[in-house]
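Please consult the sequence and the structure as you read.

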Amino acid sequence: MAKDYYLEVVEDEKWKLPRVRVHSISNEHYVNTFADLSEGHDFQKMAEWCIENDCGYRTSYNEFVFRTQEQITMFILRWS
């Protein structure tokens, strides 16, 4: 099944913890809009999976934060 989103790993000096942002793919172009992501998306499933597996947590509608690089890898392997 084709995914309607892609994952972006975000690392910068402001945030000390690694993050992953989820972006929607619309009309073969990458579009980052709340409307595209909130309609029928698996954010709740992603957040529940993070809690069940003690693997990061959701910080905003499209962003998850992780303590280690291993947690990011687990998340990406599960949701890519």
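## The segment after a helix

Where is Ser80 found? Ser80 belongs to the segment after H3. The model discussed here is predicted. With 55% relative accessibility, Ser80 is classed as exposed, because the cut-off for that class is over 50%. The side chain of Ser80 reaches back to the backbone oxygen of Ile76, at 2.6 Å.

Ser80 also shows how folding can bring separated parts of a sequence together in space. Tyr6 and Ser80 are 74 residues apart in sequence, yet their C-alpha atoms are 7.2 Å apart. Leu7 is in contact with Ser80 as well, and its other contacts beyond four places in sequence include Val20, Val22, Phe75 and Trp79.

## The nonpolar core

The largest nonpolar core has 15 residues. Those that touch the most other members are Leu7, Val22, Met46, Phe64, Phe66, Phe75 and Trp79. Two or more residues of this core come from each of strand E1 (5-10), E2, helix H2 (43-52) and H3. The largest contribution is that of H2, which gives five residues.

## A residue within helix H3

Helix H3 covers residues 69-79 and contains Gln71. Is Gln71 buried or exposed? Its relative accessibility is 11%, so Gln71 counts as buried. Leaving out residues up to four places away in sequence, Gln71 touches Asp54, Cys55, Gly56 and Phe66.

## A hairpin of two strands

Strand E4 (residues 57-60) pairs with strand E5 (residues 63-65) in the antiparallel sense, over three bridges. The two strands form a hairpin, and two residues lie between them. Within this pairing, Arg58 has Phe64 of E5 as its bridge partner. Phe64 is also among the residues that touch the most other members of the largest nonpolar core.

## Salt bridges

How many salt bridges does the structure hold? There are three. As a general principle, side chains of opposite charge can pair when their charged atoms come close.

One of the salt bridges joins Arg19 and Glu63, with 3.3 Å between the closest N and O atoms. Arg19 lies in strand E2 and Glu63 in strand E5, so this pair ties together parts that are 44 residues apart in sequence. Both Arg19 and Glu63 are buried: the relative accessibility is 3% for Arg19 and 9% for Glu63. Glu63 forms a salt bridge with Arg21 too, where the closest N and O atoms are 2.7 Å apart. Arg21 is likewise in strand E2, so its pairing with Glu63 in strand E5 connects parts 42 residues apart in sequence. Arg21 is partly exposed, with a relative accessible area of 26%.

The side chains of Asp54 and Arg67 form another salt bridge, at 3.4 Å from N to O. This pair links distant parts of the chain, since Asp54 is in the loop between H2 and E4 and Arg67 is in the loop between E5 and H3, 13 residues apart. Asp54 is exposed at 54% relative accessibility, whereas Arg67 is partly exposed, with a relative accessible area of 49%. Salt bridges that share partners join Arg19, Arg21 and Glu63 into one network.

How values were computed. Residues are numbered from 1 along each chain as its sequence is written. This is a predicted model: local features need pLDDT of at least 70, side-chain atom pairs count only at pLDDT 80 or more; totals for chains, interfaces and linings use all residues. Side-chain values use heavy atoms; hydrogens and water are left out. Buried means under 20% relative accessible area, exposed over 50%, partly exposed in between (1.4 Å probe, protein chains only). Helices (H or I, at least four residues) and strands (E, at least two) are DSSP runs, numbered from the N terminus. Contact means heavy atoms within 4.5 Å. A polar contact is a pair of N or O atoms within 3.5 Å; within protein, one must be able to donate a hydrogen and the other to accept it, and residues adjacent in sequence count only if both atoms are side-chain atoms. A nonpolar core is a set of buried Ala, Val, Leu, Ile, Met, Phe, Trp, Tyr and Cys residues joined through side-chain atoms within 4.5 Å. Two strands pair if DSSP finds at least two bridges between them. A salt bridge is a side-chain nitrogen of Lys or Arg within 4 Å of a carboxyl oxygen of Asp or Glu.
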